Amino acid sequence: MYLTEVKSWDIVKKQYRYKLKSYFGVFTSLVFIQLLAIFFSFNGTGMSGGASNSISYEVNYYSGDIILVFMMIWAFITAIIITTKAYRYDDFSFITNRSISHFSNILFLLSVSIFAGISVYLSTHLFQVLVFYLKDNFSIIKDTLSVTTWLTGISASTLYIFLFASAGYFIGVLIQLHRGFAFIIPTFLFGGLIMDGLGGNPTLFMNVSKFFGAETSFFLFAVKVLVVSIVLLLSSIGISNRMEVRK
Amino acid sequence: MLINADSMKPIYVQISEWLENEILNETIQADEKVYSQYQLAEMFNVNPATAGKGINLLADDNVLYKKRGLGMFVAADAREIILRKRKNSKLNTLVNELAREAVQLQVEVDELVTMIKDTHQKIKEEQA
Amino acid sequence: MNVVVCNNLTKQYGRSKVIHSMSFQLAENKITGLIGRNGAGKTTLLKIIAGYLHHSSGDVQVFSENPFNNLKVSANTIFIDNEMSFSQGLTLKELLETAGSFYQNWDHDLALRLFDYFSLDPKQFHGNLSKGMQSTFNSIIGLAARCPLTIMDEPTSGMDSGTRKDFYRALLKEYIAHPRTIILSSHLLDEVEDLLEDVLLIKSGEKCLHLSIDSLRDYAIGVRGKTEKVQEWIDRIETIHLQDIGANLSYAVVKNDRSIKELEDARQLGLEITSVSAEDICSYLTSKTKGGIDHVFNRG
């Protein structure tokens with residue numbers, strides 16, 4: 001029987017398609033979590049009010065930020081899940097090698113992030129409409145956005161979500177390398193944050209979020225996020241080379 | 001016989017004997033093509049290499065001859081060869097066992113020959 | 001051409017060697033049976049050949065390349081075992097279609113016919129199948145993929161006897177129609193021996209025998225008779241197996257390379273000489289002690 005020659009890119013595409021089809025549950029959980037996030041958002045993110053003589057007023061701020069935060073956590077967890085044995089071994093029942101497996105995973109996470117980024121934008125709108133109908137609204141002031149701003153908004157959301165997915169993927173691979181990381185990583189993370197906060201002047205979390213969040217140029221922000229994500233993903237690939245393909 | 005007669009014959013021997021029977025009862029005629037090793041493998045549910053060995057056994061005895069690219073064919077004198085071979089191997093085995101038994105029962109050679117002669121005569125008369 | 005070549009192949013976990021300095025070649029388009037007892041290292045060896053596990057030392061080549069994490073090997077090899085995992089999100093029918101999209105020689109018509117014959121439900125999920133049904137499904141993928149190297153590790157585990165027979169027949173017919181290199185592992189040689197051309201017998205991680213099935217059937221002879229006569233005859237002969245069968249009778253198995261004179265001696269001693277089935281030879285050769293299980297019960 002003659003040997004078949006295959007091109008890596010073809011197999012990446014096939015694995016990617018296989019993943020899109022078989023990880024359909026991921027999208028269901030996305031929709032569910034967004035609904036949950038919308039529900040939480042009804043509490044509003046801020047409130048102020050006042051009264052003078054016969055007038056009293058109350059200002060409520062509502063934003064879709066919670067939806068984005070939920071999506072980031074969701075992407076983080078999804079990425080961890082797809083590094084687990086059950087998912088990894090699925091790839092190896094068909095043609096693949098490790099790089100292809102990683103590459104198709106990354107493509108999958110990227111698509112999921114884009115999908116989530118767009119849906120964050122859409123459900124923020126849904127949320128605004130719901131607020132309009134459900135809350136007693138004497139007047140609603142809504143930020144109006146130009147096409148470029150909402151494109152930037154969607155891209156930024158996508159990038160944030162992808163960043164968290166990459167971090168999740170990295171941590172997932174570490175845990176696959178050694179179970180111990182499942183305890184070590186949270187310990188260091190929360191331990192670090194607590195130690196940082198004990199001094200009364202927390203800086204660690206601030207600095208990390210400032211590094212991304214305070215960036216005013218979208219271009220530089222994108223570069224920062226992508227560079228960090230790529231470093232995380234390449235490290236994941238590097239680490240997994242120390243492991244057996246399938247036990 | 002070094003190996004006990006009751007032990008199972010190897011499959012390739014069974015296959016070659018089956019082919020011999022097919023030739024003896026003229027299911028496959030002289031100069032006709034015999035089953036390929038793949039057909040035999042399917043028929044007997046064995047690896048084609050094993051079936052091939054059965055065919056080779058017959059080719060070695062000149063029961064079959066090879067036509068290049070066409071397969072194996074039955075030799076013109078296949079029946080004679082098979083009969084001669086069976087006479088040699090089967091009768092030899094039986095005679096061997098018979099003689100052994102005779103020695104054990106202390107039957108002398110003359111007595112044995114008479115017994116054979118009588119039986120042979122009887123069977124011939126029955127068949128006639 | 002050799003499809004699989006191993007030279008001093010060793011695999012160790014920590015200090016324990018699971019595969020110990022194994023050397024052998026598997027020729028193209030042969031069905032080889034990998035036979036050994038539980039824990040002999042069959043699965044580890046197969047996973048190294050399939051490219052799933054690193055080997056520790058020595059050399060292994062599949063299609064003249066190191067199989068580990070190798071795309072060319074992966075594209076031309078299929079490894080079927082009962083740990084095969086498939087996405088829980090896809091139905092059996094979708095899994096067959098996915099398999100078809102990966103393997104170039106895939107015969108979808110055959111896959112569907114077998115699927116139908118073994119009455120699998122296309123809408124079912126792999127995880128919900130019984131063990132035997134999972135094995136059946138995996139085997140269908142293994143047959144329909146028509147990979148130049150098809151590795152099947154205990155493919156029939158959990159199948160009922162009718163399904164086993166059907167599967168082996170399907171394997172044979174597929175092999176005849178589309179010859180390929182097949183490695184079939186089993187601890188039941190009886191069940192597969194007619195299908196095999198060669199046998200690779202391993203014992204505790206080491207190669208024990210690698211020969212054609214016909215040579216294996218002629219590999220040894222058994223001698224049965226009065227214990228003291230058997231003892232006398234095997235005095236200077238190395239035995240593979242020696243067993244007390246009661247009533248002052250013994251059964252010994254020795255390599256089938258004795259001279260005519262020695263065999264004549266045996267007959268003189270009143271010993272009965274028998275052939276030994278391939279299955280028995282394998283079980284004697286891989287047994288820890290020459291007395292077999294009886295040894296455990298002999299406390300005297």
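A residue is buried if 20 or more other C-beta atoms, placed from the backbone, lie within 10 Å of its own. This is a predicted model: local features need pLDDT of at least 70, side-chain atom pairs count only at pLDDT 80 or more, and totals for chains, interfaces and linings use all residues. Residues are numbered from 1 along each chain as its sequence is written, while chains are lettered from A and ligands numbered from 1 in the order in which they are written.

**Strand β5 of chain C**
- Strands (E, at least two residues) and helices (H or I, at least four) are DSSP runs, numbered from the N terminus.
- Thr77(C) and Phe79(C) point one way from β5 (77–80), Ile78(C) and Ile80(C) point the other way, and all are buried.
- In a regular strand, side chains alternate between the two faces of the sheet.
- β5(C) runs parallel to β6 (149–153) of chain C, joined by four bridges; pairing takes at least two DSSP bridges.
- Opposite Ile80(C) stands Met152(C) of β6(C).

**Domains of chain C**
- Domain 1 covers 2–216 and domain 2 covers 220–297, with bounds from an automatic or database assignment.
- Over C-alpha atoms, their centres are 35 Å apart.
- Domain 1 gives 13 residues to the contact and domain 2 gives six; contact means C-beta atoms, placed from the backbone, within 7 Å.
- On the domain 1 side, α7 (189–192), β8 (198–203), β9 (206–212) and α8 (213–217) of chain C each give two or more residues.

**Chains A and C**
- Chain A and chain C each put 27 residues into their contact.
- The largest share of the chain A side, six residues, comes from α1(A).

Definitions and conventions
Contact = placed C-beta atoms within 7 Å. Buried ≥ 20, exposed ≤ 12 C-beta atoms within 10 Å, placed from the backbone.
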